[in-house]
Structure formats: structure tokens, C-alpha cells
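Trainee: Before we start, could we go through this model together, one question at a time?

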Amino acid sequence: QTRARPEDEAFLESRLGVIEGYRGNYVGSIAHFERARDLYLRANNRRQVVTCTLNIGETYRLKGNFARARQYFRTGLDAAVELGDRELQVLARANESQMMISQGNTAQAEASLRECYALCEEPFPVPAGASAEGVVRNQLDQRADIVHALATLYLDSGDVQQAWRFAQEGL
């Protein structure tokens with residue numbers, strides 16, 4: 001029997017992290033994402049290391065551990081900036097914005113989501129080794145998440161016109 005390449009193992013661990021997260025097993029999810037991150041680090045795939053870091057942060061957010069989530073979001077954002085990866089920068093900031101909403105920091109979340117929205121105006125560059133189709137799909141997914149969050153924020157604050165504007169865009 002041959003041992004799988006670290007990136008193949010990392011991909012599997014990452015998917016298991018997603019599955020465990022959907023099942024509500026956040027401890028298991030974090031463990032899989034940490035193993036995936038370590039394997040991607042060994043394979044020198046910095047972009048996927050950042051993605052796993054953000055997934056760990058998001059899982060901590062879902063657990064309600066906002067302090068840990070913020071640490072991972074900030075670490076992921078710093079690494080995404082260092083890589084010059086706008087797609088991951090938007091993901092990190094949007095995740096942190098969702099955490100701000102969970103904490104009731106709506107003004108701060110709105111400002112951050114507006115910045116994310118602006119960063120999505122232009123097509124994301126396609127990183128080496130990534131598919132253009134996948135990057136476009138991710139950008140559309142991120143934009144949909146951002147407009148949904150903005151629509152919800154505005155609806156909750158009673159600004160029905162802004163809520164409607166973003167709700168329509170999300171369709």
C-alpha cells in the first residue's frame with residue numbers, strides 16, 4: 001500500500017471537517033481542519049493553509065467562541081493580505097463580519113460588509129493552480145452571503161428600502 005500525498009490527505013481532512021461541522025460536531029470539525037492545515041503546510045500550499053485557518057475560525061464562531069474565532073479570522077486575513085489573495089481577504093472579512101453580527105456589533109459589521117461588497121465589484125484574480133470557474137463561483141457565493149447579511153442587517157434596523165435593495169440583488 002502506498003501512502004497518499006499530503007495534499008490529497010489534506011483535501012480529505014478538509015472535507016471531513018465540513019461534514020462534521022454540518023453534523024454539529026464542532027470539536028471534530030476543528031480537529032479535521034487542523035490536520036488539513038498541517039498537511040497543507042507540509043505541502044507548502046499556503047492558500048489552502050489560509051482556507052483551513054478561516055474554516056477553523058468559522059467553526060469557533062458557530063461554537064460561540066468569538067475570541068478564538070477572531071484570532072483565526074485575523075491570522076487568515078493577515079496571511080491572505082501577504083499572499084495578495086483578494087478572494088481570501090473578502091472571505092476572512094465577511095466571516096468576521098458575521099461574527100460581529102452574532103455579537104450584536106451591527107454598525108461595525110455593516111461597515112465591514114460594505115467594504116467586502118466593494119471588494120467584490122471587480123472579478124477576483126485567479127491564483128496559480130486554481131480554476132477560473134471555481135474562483136467565479138466562489139466570488140458569486142461570497143457576494144450572495146454578503147448581500148444576504150446586509151439585507152438582514154437593514155431589515156432588522158428598520159431600513160426597509162436598503163433591505164429590499166440588497167434582497168433583490170441576492171436573487
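Trainee: In which crossing, left-handed or right-handed, does α6 pass α7?

Mentor: This is a predicted model, in which local features need pLDDT of at least 70 and side-chain atom pairs count only at pLDDT 80 or more, while totals for chains, interfaces and linings use all residues. Residues are numbered from 1 along each chain as its sequence is written, and side-chain values use heavy atoms, with hydrogens and water left out. Helices (H or I, at least four residues) and strands (E, at least two) are DSSP runs numbered from the N terminus, and a crossing is left-handed if the near helix is turned anticlockwise from the far one by less than a right angle, right-handed if clockwise. On that convention, the crossing in which α6 passes α7 is left-handed.

Trainee: At what angle do helix α6 and helix α7 pack, and how far apart are their axes?

Mentor: Two packed helices are described by the angle between their axes and the distance between the axes. Axes here are lines fitted to C-alpha atoms, for helices over the stretch in contact, with angles running from 0 to 180 degrees between N-to-C directions. For helix α6 (residues 106-119) and helix α7 (residues 132-157), the angle is about 145° and the axes are 10 Å apart.

Trainee: How many nonpolar, polar and charged residues does the contact of α6 with α7 have?

Mentor: Contact means heavy atoms within 4.5 Å, and the residues that meet include Leu 113, Cys 116 and Tyr 117 in α6 and Ile 146, Leu 150 and Leu 153 in α7. Ala, Val, Leu, Ile, Met, Phe, Trp, Tyr, Cys and Pro count as nonpolar, Asp, Glu, Lys and Arg as charged, and the others, Gly among them, as polar. By these classes, the contact of α6 with α7 has 10 nonpolar, one polar and three charged residues.

Trainee: Why is the chain described as being as compact as a globular protein of its length?

Mentor: The chain has eight helices and zero strands. The radius of gyration is taken over C-alpha atoms, and the globule rule is 2.2 Å times the number of residues to the power 0.38. For 171 residues that rule gives 16 Å, so the chain is as compact as a globular protein of that length, since its own radius of gyration is close to this, at 17 Å.

Trainee: Is Gly 57 buried or exposed, and what is its relative accessible area?

Mentor: Buried means under 20% relative accessible area, exposed over 50%, and partly exposed in between (1.4 Å probe, protein chains only). Gly 57 is found in helix α3 and, leaving aside neighbours within four places in sequence, is in contact with Ala 69, Tyr 72 and Phe 73. Gly 57 is buried, with a relative accessible area of 0%.

Trainee: What relative accessibility does Glu 34 have?

Mentor: Glu 34 has its place in helix α2, and touches Ile 56 and Tyr 72, not counting residues up to four places away in sequence. His 32 also lies in helix α2, and is buried with a relative accessible area of 13%. Glu 34, in turn, counts as partly exposed, at a relative accessibility of 26%.

Trainee: Near what value is phi of Asn 44?

Mentor: Most residues other than glycine have a negative phi. Asn 44 lies in the loop between α2 (26-42) and α3 (46-63), and is exposed, with a relative accessible area of 60%. Phi of Asn 44 is positive, in a residue other than glycine, and is near 60°.
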